[in-house]
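Subject: Structure for you to look at

Hello,

Here is the structure I promised. Please open it first, then read my notes beside it.

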Amino acid sequence: MRNNHILIAVGLNRDLAENVPLILAENEEQLQTISSELGRILEGNVCRLANGLVIITAPGR
Amino acid sequence: MSLEPEMLVNILFATLAGFLSRWSLLKVDFRQNPTYPNGYLIHLMIGLIASAVGAISVPALLAKDYVAITFLFLAFEHFRDVRKIEASSLEYLDKAHYYPRGAAYIDGIAKTFESRNYLAIVVSLTTITAILATGGVFSRTMSITTAAFAAIAAHILINRFIKGQVIKAVADIEIGEISFRNHNVYVNDIYVANIGLEVMKKRILERGIGVLIKPKGENEKIMLNNIGQRQAIEHECSRLLGLEKYIESRRDFETGNIGMVIIPIRKEPKSLIHIIENVPLLEIVKKQARSTGGNINEK
């Protein structure tokens, strides 16, 4: 089975993420750009939760 | 011991029968395995050696040449190595694919190559036995003709026994509609994946193809729930149509249907269905169904 780990989160609201490295974006456009860049750099999957928080995941090693 | 010309012809005929049997099963199809021309030639030559082993064994036994027979049985050991060589070669090449074949698929391919050499041995063995058994009873021409029919019968019987099935025997494949609910991508009503980026969502909607794989029964659901089988399907799709960006599949718990989304380089839905339909059904999943009383592959 494949287990994914959360590498980092990107969001517009500081309160949405705890115990996970979080990058705050100023607006939706910046959130999309940062998430895309992080996805490429970390070679992870970019997922978005119902509360708007973006998480970058990668298979656990 | 000198070999009589008549016996030499018998051996050559039996070798030819085994070789033709092996050749007829060596297809270069869209799956491109074995590779052409070098992989093709390697398997053809191994098949020729296998046929010769089968053809020589009976005359050697009749001549009480037990040393020769011992060496011939040693040759069998090498055919087991065919599986190992094929498996290690495919495992090594797997790293070069965007989406790997996976261990289960590689094991199935390697076993197939090994078993087909045994087919060549059995066909040539049957041929030479038929020639020698009927030699004293029939005329020469009649004896050879009988052996040819025996070879064809052996080929058909064994081929029917080892013949593999493909996905279309256990499932119906159709194109599904891709849609997004929030950031989740669905094929019809099956959740497939979470897509966080807007550009990616747009790309999937524009260039993606959604496929629905519907198992025909309960045992077929178990078969398609095998990770190795799903990996084999995804591998063939991504390798043959090219993978622009993304392939993912998920099973619906309620119905057992599988939803798959792919963004291929060649956007050809009909080809995609054809590819999935002809993906081999892995031996490990057939065994699972049979052990639970399934009627798959039973006649």
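Two strands pair if DSSP finds at least two bridges between them. Helices (H or I, at least four residues) and strands (E, at least two) are DSSP runs, numbered from the N terminus. Now some ground rules. This is a predicted model, in which local features need pLDDT of at least 70 and side-chain atom pairs count only at pLDDT 80 or more, while totals for chains, interfaces and linings use all residues. Residues are numbered from 1 along each chain as its sequence is written, chains are lettered from A and ligands numbered from 1 in the order in which they are written, and side-chain values use heavy atoms, with hydrogens and water left out.

Start with a hairpin. β3(B) and β4(B) form it, with two residues between them. In the turn, Asn188(B) has a positive phi of about 50°. The two strands run antiparallel and are joined by four bridges. Val185(B) has Ala193(B) in β4(B) as its bridge partner.

β2(B) pairs with β3 (residues 184-187) of chain B over four bridges, in the antiparallel sense. Look for Ser179(B), which stands opposite Tyr186(B) in β3(B).

β4(B) is mostly covered: four of its five residues are buried. Buried means under 20% relative accessible area, exposed over 50%, and partly exposed in between (1.4 Å probe, protein chains only).

Contact means heavy atoms within 4.5 Å.

Ile263(B) lies in strand β7 of chain B. Is Ile263(B) buried or exposed? It is buried, with a relative accessible area of 0%. Among the residues that Ile263(B) touches are Met200(B), Ile204(B), Leu243(B) and Tyr246(B), not counting residues up to four places away in sequence. Glu206(B) is 57 residues from Ile263(B) along the chain, and their C-alpha atoms are separated by 9.2 Å.

For contrast, turn to Leu12(B), in helix α1 (residues 5-24) of chain B. Leu12(B) is exposed, with a relative accessible area of 54%.

Domains and chains

The domain assignment of chain B gives domain 1 (5-162) and domain 2 (167-291). Such bounds come from an automatic or database domain assignment. The contact takes 12 residues from domain 1 of chain B and 18 residues from domain 2 of chain B. Their centres, taken over C-alpha atoms, are 36 Å apart. The area buried between the two domains is about 1500 Å², and carbon and sulfur atoms give 61% of that. Buried area is the accessible area (1.4 Å probe) that two parts lose on being put together, summed over both.

How many residues of chain B are in contact with chain A? Eight are, and they meet nine residues of chain A. The area buried between chain B and chain A is about 740 Å², with 54% from carbon and sulfur atoms. In chain B, Asn194(B), Gly196(B) and Leu197(B) lose the most area to chain A, together 56% of what that side buries.

The sheet in chain A

Chain A has an open sheet of four strands in the order β2-β1-β4-β3, with mixed pairing. β2 (22-24) and β3 (45-48) of chain A stand at the edges. The twist averages 25° from one strand to the next.

Best wishes

Methods. Axes fitted to C-alpha atoms, helices over the stretch in contact; angles between N-to-C directions.
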